[in-house]
Amino acid sequence: MIVPVPSPAELESAKNKLLPDVLPGPDDPPLRVLFCGINPGLVSAATGHHFARPGNRFWPALHASGFTPRLFAPAEQGLLPALGLGITNVAPRATARADELDDAELVAGGERLRALVAEVRPAWLAVVGIGAYRVAFADRRAAAGRQERTLGPTGLWVLPNPSGLNAHHTPATLAAAFAALREVSG
């Protein structure tokens, strides 16, 4: 399913928009993993689909790691709850780049995440972006992978940022990082 690329005017109007979370409904299985982006990009806010910017490697990493049976398009995000998966963001405000957020927004996002996790009770909260995790959870020394800290019974995991702008990780290393989480999440 191909979603048209938003026009410059649509992208401009997407600034500061909020993108709804993808969460399970009453007929869905328990939430195994709640993936947490840093914040929505403008393409995501304009289209209404998480990780929608062309070049973002979230969806390929999700599939290559075995979380999904096939490669989903961003417009198919509604299929995730049936697999026990969901999506949220640390900061809800859409921006062109994550570095447009200030620390106060990330700290407030960490508080919102604590409340959301208490409400929806995922087995794991997986934050995709070490910098955002460090600020949101006041853990400046956090490293990628499983965290010692938990939110009640919910485990915390930090994944590399799948943005195409993150040149530190290849599709293979992203898939391996996501697969390590899949192995513990069932």
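Reply: In this predicted model, five strands make up an open sheet with mixed pairing, and their order is β2-β1-β3-β5-β4. The edges are β2 (85-89) and β4 (145-151), each of which pairs on one side only. Neighbouring strands are turned by 25° against each other on average, direction ignored.

β4 and β5 run antiparallel, joined by four bridges. Opposite Thr150 stands Gly155 of β5.

Now the helices. α4 packs on the sheet and touches β1, β2, β3, β4 and β5. The direction of α4 makes about 160° with that of β2. Helix α6 (residues 171-185) lies across β1, β3 and β5. Relative to β5, α6 runs at about 165°.

Then the packing. Nonpolar side chains tend to be buried together in soluble globular proteins. Here the largest nonpolar core has 22 residues. Val90, Leu106, Leu125, Val127, Tyr133 and Phe137 touch the most other members. Two or more residues of this core come from each of β1 (33-37), α4 (103-120), β3 (124-128), α5 (130-136) and β5 (154-159). A second, separate core holds 21 residues, including Val22, Phe67, Phe72 and Ile87.

Leaving aside neighbours within four places in sequence, Leu125 is in contact with Leu34, Cys36, Leu113, Val117, Phe137, Leu151, Thr154, Gly155, Leu156 and Trp157.

Methods: Residues are numbered from 1 along each chain as its sequence is written. This is a predicted model: local features need pLDDT of at least 70, side-chain atom pairs count only at pLDDT 80 or more; totals for chains, interfaces and linings use all residues. Side-chain values use heavy atoms; hydrogens and water are left out. A nonpolar core is a set of buried Ala, Val, Leu, Ile, Met, Phe, Trp, Tyr and Cys residues joined through side-chain atoms within 4.5 Å. Buried means under 20% relative accessible area, exposed over 50%, partly exposed in between (1.4 Å probe, protein chains only). Contact means heavy atoms within 4.5 Å. Two strands pair if DSSP finds at least two bridges between them. Axes are lines fitted to C-alpha atoms, for helices over the stretch in contact, and angles run from 0 to 180 degrees between N-to-C directions.
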